[in-house]
Amino acid sequence: SEQTQDRVKYIGQHRVINRVRLRRVLNPSVVATRDTYLKAEVEVLSDSDQQEEGKPDEGLAAEEAAAEELFVSLVDAQKSLGEEPRFTDAVKGSLSFARGTSPSDRGLWGTIGLWQQFLEQRTQVLGQKMQREIQSGVASYLSDNSLREDLVNARGEIRLQDLPPELIAEIEAIQRRYRGEVDALDGEPGSLRFQALLQSDSHRQRLALFCTWLRKEQKRLATRKWVQALF
């Protein structure tokens, strides 16, 4: 891409099939030259609660079933409240909370991936709402006020720092409010809590962590339903 000035690009798709511990990088010099891919020595990690074949953990199976029931209840709650974005009913048939067995059977990791995609979409939607509110605020200000012509370029654009102080304050207030909403939702798909899943050494622990997030979302939806009932 860099060599052809973006005229030629290669897009790779990768599947994560296991967790590993990085032991050492074999060719660190290519970080600077970028002549080839980095190569590393790794140790494949196995779950501490991995069951022997033919000896299923009935208690774990019950926990997986309860987690699936919790997720399905969230899908129904999102639909009844008209949440945007939200999961569709079709996702119910693709959920799995079991231990993954192959790249095509990702199990709990596949469901976590769906949740991560949902969080990414929700963050994008909030960002779009913020931009629309800022644009509306600017338009409202300009309907009653004018800007100095020398601050506006040929494309009709103006730098944020050149806006009037009162308009800058309004924009920053909107930005802070939306950042607060994102933080309250704890919805950053790349946050440390996803790192905690990768560092967990047992399927049961990952399942418990994921259910904690689902219950938090369940509580948020219940609060929203209560607020809606007041009006």
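One term before we start. Buried means under 20% relative accessible area, and exposed means over 50%. Keep in mind that this is a predicted model.

Let's begin with helix α4. It runs over residues 165–185, so find that stretch first. α4 has 21 residues. From first C-alpha to last, α4 reaches 30 Å. That is close to the 30 Å expected at 1.5 Å a residue.

Which residues of α4 are buried? They are Leu-167, Ile-168, Ile-171, Ile-174, Tyr-178, Val-182 and Leu-185. Around the axis they cover an arc of only 130°, so they sit on the same side of α4. Here is the background. An α-helix has 3.6 residues a turn, so residues three or four places apart point the same way.

Now turn to the other face. Away from the buried side, α4 carries the exposed residues Pro-165, Asp-183 and Ala-184. And what covers the buried residues of α4? The cover includes α3, residues 108–144, and α6, residues 203–229.

Next, helix α5, residues 192–199. In α5, the buried residues are Arg-193, Phe-194 and Leu-197. Look down the axis of α5: these buried residues fall within an arc of 105°, so they line one face of the helix. The cover over them includes α3 and α6. The face turned away from the buried side of α5 carries the exposed residues Leu-192 and Gln-199.

Stay on Leu-192 for a moment. Leu-192 counts as exposed because its relative accessibility is 74%, and the cut-off for exposed is over 50%. Compare its place with that of Lys-219. In sequence, Leu-192 and Lys-219 are 27 residues apart. In space, they are 21 Å apart, C-alpha to C-alpha.

Now for α3 and α6 themselves. Two packed helices are described by the angle between their axes and the distance between the axes. For α3 and α6, the axes come within 11 Å and cross at roughly 35°. The crossing is left-handed. Who makes the contact? From α3, it is Leu-108, Trp-109, Thr-111, Ile-112, Trp-115 and Arg-122. From α6, it is His-203, Arg-206, Leu-207, Phe-210, Trp-213, Leu-214, Glu-217 and Arg-220. Sorted by class, that contact has eight nonpolar, two polar and four charged residues.

Gln-78 sits in helix α2, residues 58–81. Is Gln-78 buried or exposed? Its relative accessibility is 1%, so Gln-78 counts as buried.

Last, the backbone. Most residues other than glycine have a negative phi, and most peptide bonds are trans. Let's look at two spots with that in mind.

First spot: the peptide bond from Glu-84 to Pro-85. This bond is cis, with omega near -5°. Pro-85 lies in the loop between α2 and β3, the strand at 99–102.

Arg-34 has a positive phi of about 55°, although it is not a glycine. Look for Arg-34 in the loop between α1, residues 30–33, and β2, residues 40–44. Arg-34 counts as exposed, because its relative accessibility is 60%.

That's my tour. Questions, please.

Technical notes:
Residues numbered from 1 in each chain as written. Predicted model: local features only at pLDDT ≥ 70, side-chain atom pairs only at ≥ 80, totals over all residues. Heavy atoms only, no water. Helix = DSSP H or I, 4+ residues; strand = E, 2+ residues; numbered from the N terminus. Expected span 1.5 Å × (residues − 1). Buried < 20%, exposed > 50% of the residue type's maximum accessible area, 1.4 Å probe, protein only. Arc of directions from axis to C-beta. Contact = heavy atoms within 4.5 Å. Axes fitted to C-alpha atoms, helices over the stretch in contact; angles between N-to-C directions. Left-handed = near helix turned anticlockwise from the far one by under 90°. Nonpolar A, V, L, I, M, F, W, Y, C, P; charged D, E, K, R; others polar.
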